[in-house]
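This briefing goes through one predicted model, beginning with the terms it relies on and ending with a few selected residues.

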Amino acid sequence: MTVAFGGPNRYTDRAMVAAHAKARENGLNDSHFDAVVDHLVQTLTESGVGDADIQQVGAVAESVRNDILGR
């Protein structure tokens, strides 16, 4: 998530598509991704993060949906 949100790219392992392959084989789909994003938004809201920042975080999360889901 650090790289997806613009942090330092120190990740040197598999690409996101490959890293999530096993999870997809076990049924990872949009509903699971949505649940993770919902939990992230809820946590940010409870932590007092502003709506504009939460929307920006949501947009970044959405930008990696297809890679994680292998599309």
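Contact, as used here, means heavy atoms within 4.5 Å. With that cut-off, and not counting residues up to four places away in sequence, R65 touches D30, F33, D34 and R71. The model is predicted, with local features needing pLDDT of at least 70 and side-chain atom pairs counting only at pLDDT 80 or more, while totals for chains, interfaces and linings use all residues. Residues are numbered from 1 along each chain as its sequence is written, and side-chain values use heavy atoms, with hydrogens and water left out.

**Overall architecture**

- The chain holds five helices and zero strands, where helices (H or I, at least four residues) and strands (E, at least two) are DSSP runs numbered from the N terminus.
- Along the principal axes, the C-alpha atoms of the chain fill a box of roughly 35 × 30 × 15 Å.
- Among the contacts in the chain with a separation of 6 or more, 72% are accounted for by residues 24 or more positions apart.

**R65 and its surroundings**

- R65 lies in helix α5, which covers residues 65–68, and R65 counts as buried because its relative accessibility is 11%.
- The side chains of R65 and D34 are joined by a polar contact of 2.6 Å, the term standing for a pair of N or O atoms within 3.5 Å in which, within protein, one must be able to donate a hydrogen and the other to accept it, and residues adjacent in sequence count only if both atoms are side-chain atoms.

**The nonpolar core**

- The largest nonpolar core has six residues, namely F33, V37, A61, V64, I68 and L69; such a core is a set of buried Ala, Val, Leu, Ile, Met, Phe, Trp, Tyr and Cys residues joined through side-chain atoms within 4.5 Å.
- I68 is in contact with M16, H20, R24, L28 and F33, leaving aside its neighbours within four places in sequence.

- G70 lies in the segment after α5 and counts as partly exposed, because its relative accessibility is 43%.
- The C-alpha atoms of G70 and D38 are separated by 20 Å, and the two residues are 32 residues apart along the chain.

Note on methods: Buried < 20%, exposed > 50% of the residue type's maximum accessible area, 1.4 Å probe, protein only.
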